[in-house]
Amino acid sequence: MTDNRMSGAALITGVIGSIITMAFHPTAHNLMPPDQFAHGARISIATHALALLVMPVFFLGALGLSRRLMSPNRLALAALVFYGFGVTAVLSAAVFGGIVSPDLIHQMITAPASMRDIWNAAIHFDGALNQAFAMMFVVATSIAILLWSTAILRSNSFARALGIYGCIFAPLTILAVLSGHIRLNVHGFGAIILGQAIWFFSAGVQLWRDKNITLPIAA
């Protein structure tokens, strides 16, 4: 199997894993009721563990994509740097939101009434960290998609429609998130992930079909 095919397969696998994660991602309402907590906590840990496993695979695909689009203008390399920054942020978001949060909620549910306000404050702080890292991920990966899309339009390596989609979708996503028009709750974040999934899946398919030999990342 060629490097391009392996990279395409990695992107497609990452997209599938991301969609499964968001499809089964629980909300706070699934965790707060004591009678639903155990089931909701298991789903939360499982979905976020999948997200943690998927992101390195996604990054391998992104590395292959950048190698395929490499040129002297370094747009693809810059995209990879921003994407790596975003991956680091979302790994932190997944840990705080999917692994730390269920434990804090369990502590609050089982704590004496006099201690619940303290645990509730800890849960809100954990949620704030999760939101901050999620925003960093969205902005950084949107910049990466914009740079990759620009590289596609400049090089005609892939279908121009992919480059045009990325150049429209990425800036709109950044504006919508930073202006507060899209909240990074399960539904808002899921909508952004779906929009990114369309781009990455298309890029993965085109990498899979591409027969050109890629250049080294430093070229």
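Student: Why does Arg74 count as partly exposed?
Tutor: Its relative accessibility is 37%. Buried means under 20%, and exposed means over 50%. Arg74 at 37% falls in between, so it counts as partly exposed. Keep in mind that this is a predicted model.

Student: Where is the place of Arg74?
Tutor: Arg74 sits in the loop between α3 (34-69) and α4 (75-110). Its phi is near 60°, a positive value in a residue other than glycine.

Student: Which residue just after α6 takes a positive phi?
Tutor: Gly180, with a phi of about 90°.

Student: What makes Ser155 buried, exposed or partly exposed?
Tutor: Ser155 has a relative accessible area of 36%.

Student: What separates the C-alpha atoms of Ser155 and Leu69?
Tutor: A distance of 7.7 Å, although the two residues are 86 residues apart along the chain.

Student: Why is Thr21 called buried?
Tutor: Its relative accessible area is 6%. The cut-off for buried is under 20%. Thr21 lies in helix α1. Leaving aside neighbours within four places in sequence, Thr21 is in contact with Thr47, Leu50 and Ala51.

Student: Which residues in α1 are buried?
Tutor: Among them are Asn4, Ser7, Gly8, Ala10, Leu11 and Ile12. The buried set of α1 also includes Gly14, Val15, Gly17, Ser18 and Met22.

Student: How do you know what span is expected for α1?
Tutor: Helix α1 covers residues 3-24, which is 22 residues. At 1.5 Å a residue, the expected span is 32 Å. From first C-alpha to last, α1 reaches 32 Å, close to that expectation.

Student: How many residues has α6, and what does it reach from its first C-alpha to its last?
Tutor: α6 has 19 residues and reaches 28 Å. The expected value is 27 Å, and the helix is close to it.

Student: Why does Thr173 count as buried?
Tutor: Thr173 has 5% relative accessibility. Buried means under 20%. The value passes, so Thr173 counts as buried. Thr173 is part of helix α6. Not counting residues up to four places away in sequence, Thr173 touches Val138, Ser142 and Ile192.

Student: What do the buried residues of α6 pack against?
Tutor: They pack against α5 and α7. The buried residues of α6 include Leu162, Gly163, Gly166, Phe169 and Ala170.

Student: How are two packed helices described?
Tutor: By the angle between their axes and the distance between the axes.

Student: Why are α5 and α6 called roughly antiparallel?
Tutor: Helix α5 (residues 116-155) and α6 pack at about 155°, with axes 8 Å apart. Over 145 degrees counts as roughly antiparallel. The angle is above that limit, so α5 and α6 are roughly antiparallel. α5 passes α6 in a left-handed crossing. On the α5 side, the residues that meet α6 include Met135, Val138, Ser142 and Leu146. On the α6 side they include Arg160, Cys167, Pro171 and Ile174. By class, this contact has 16 nonpolar, six polar and one charged residues.

Student: What makes α6 and α7 roughly parallel or antiparallel to each other?
Tutor: The axes of helix α6 (residues 160-178) and helix α7 (residues 186-209) cross at roughly 160° and come within 11 Å. That angle is over 145 degrees, so α6 and α7 are roughly antiparallel. The crossing of α6 past α7 is left-handed. Tyr165 and Phe169 of α6 are among the contact residues, as are Trp199 and Ala203 of α7. The α6 contact with α7 divides into eight nonpolar, six polar and no charged residues.

Student: What about α5 and α7: are they roughly parallel or antiparallel?
Tutor: Their axes cross at roughly 25° and come within 12 Å. Under 35 degrees counts as roughly parallel. α5 and α7 are therefore roughly parallel. Their crossing is left-handed. The contact includes Phe137 and Trp148 of α5, with Phe189 and Phe200 of α7. Its residues divide into eleven nonpolar, four polar and no charged.

Notes
Residues numbered from 1 in each chain as written. Predicted model: local features only at pLDDT ≥ 70, side-chain atom pairs only at ≥ 80, totals over all residues. Heavy atoms only, no water. Axes fitted to C-alpha atoms, helices over the stretch in contact; angles between N-to-C directions. Helix = DSSP H or I, 4+ residues; strand = E, 2+ residues; numbered from the N terminus. Parallel < 35°, antiparallel > 145°, perpendicular 65-115°, else oblique. Left-handed = near helix turned anticlockwise from the far one by under 90°. Contact = heavy atoms within 4.5 Å. Nonpolar A, V, L, I, M, F, W, Y, C, P; charged D, E, K, R; others polar. Expected span 1.5 Å × (residues − 1). Buried < 20%, exposed > 50% of the residue type's maximum accessible area, 1.4 Å probe, protein only.
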